[in-house]
Amino acid sequence: MENEKTTQEGETSSVYIIGAVIVVAMIIAGVLLWPKPKPVPTTTTPVVEEKAMISKLSCDKQWFNPMIGFSKYYLSAEGATLLTSKGIICTFTVTANADGKVLATEDVPGVLSPANERGGQKYQCTSKAIEIAKVAATMKTTVKDDQGATASCAAGAMNLQ
């Protein structure tokens with residue numbers, strides 16, 4: 001009797017093991033055969049920057065950089081000019097906002113570089129460090145080329161405090 005019970009328990013446990021293996025195999029097959037989501041094609045429109053052709057002398061932007069620890073400032077401007085221009089002079093004028101007094105005026109030659117894609121040249125002017133009192137001021141840049149053409153950057157506020 002005891003022998004029958006052991007044989008029956010042995011057969012039962014092997015049935016459970018085989019059943020577990022079949023269940024695991026079915027789960028694995030289900031995971032492997034499950035339909036995968038198709039990737040959604042993304043349509044991105046390329047960004048194309050259209051740069052205007054250079055048709056005259058222009059002053060596109062101006063800025064200043066402080067010399068750390070001093071009340072000295074580097075004044076800079078950049079813009080575009082025609083291919084026929086051989087030289088650029090930038091005149092930086094800094095005036096106090098309180099009384100309109102001119103704090104500094106500096107003439108700086110510009111460095112020309114080709115802008116073939118726009119049919120002209122780019123320039124950049126940067127002054128040497130200029131001593132300017134720490135007050136609220138306005139910077140205006142006037143640009144003149146060797147052919148007599150002039151352009152101005154819009155006056156920009158500077159808080160030099």
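**Note on the predicted model**

1. Leu33 is exposed, because its relative accessible area is 70% (exposed means over 50%, buried under 20% and partly exposed in between, with a 1.4 Å probe and protein chains only). The structure is a predicted model, in which local features need pLDDT of at least 70 and side-chain atom pairs count only at pLDDT 80 or more, while totals for chains, interfaces and linings use all residues. Residues are numbered from 1 along each chain as its sequence is written, and side-chain values use heavy atoms, with hydrogens and water left out.

2. Leu33 belongs to helix H1, which covers residues 2–33 (helices, H or I, of at least four residues and strands, E, of at least two are DSSP runs, numbered from the N terminus). Together with Val24, Ile28 and Leu32, Leu33 makes up a nonpolar surface patch whose accessible area is about 440 Å².

3. Strands E1 (residues 58–66) and E2 (residues 72–81) are paired in the antiparallel sense over eight bridges, where pairing requires that DSSP finds at least two bridges between the strands. Within this pairing, Lys61 has Glu78 of E2 opposite. The hairpin of E1 and E2 has five residues between the strands, and Gly69 adopts a positive phi near 85° there.

4. The charged end of Lys61 also sits over the ring of Trp63, at 5.8 Å from the ring centre (the criterion is NZ of Lys or CZ of Arg within 6 Å of the ring centre and within 35 degrees of the ring normal).

5. How many aromatic pairs does a search of the whole structure find? The search returns one, and this pair, Phe64 with Tyr73, is edge-to-face because the ring centres are 5.9 Å apart and the planes stand at 70°. Rings of Phe, Tyr and Trp (its six-membered ring) pair if their centres lie within 6.5 Å, and planes under 30 degrees apart count as stacked, over 60 as edge-to-face and the rest as tilted. Phe64 counts as partly exposed, since its relative accessibility is 26%, whereas Tyr73 counts as buried at 4%.

6. Pro46 is found in the loop between H1 and E1 and is exposed, with a relative accessible area of 63%. From Pro46 to Leu75 the C-alpha to C-alpha distance is 36 Å, for 29 residues of sequence separation.

7. Val47 likewise has its place in the loop between H1 and E1, and is exposed at a relative accessible area of 81%. The C-alpha atoms of Val47 and Tyr74 are separated by 35 Å, the two residues being 27 residues apart along the chain.

How values were computed: Patch = residues over 30% accessible without salt bridge, like charges linked within 9 Å, V, L, I, M, F, W, Y side chains within 5 Å. Areas by Shrake-Rupley, 256 points an atom, 1.4 Å probe, with all protein chains shown as cover. Salt bridge = Lys/Arg side-chain N within 4 Å of Asp/Glu carboxyl O.
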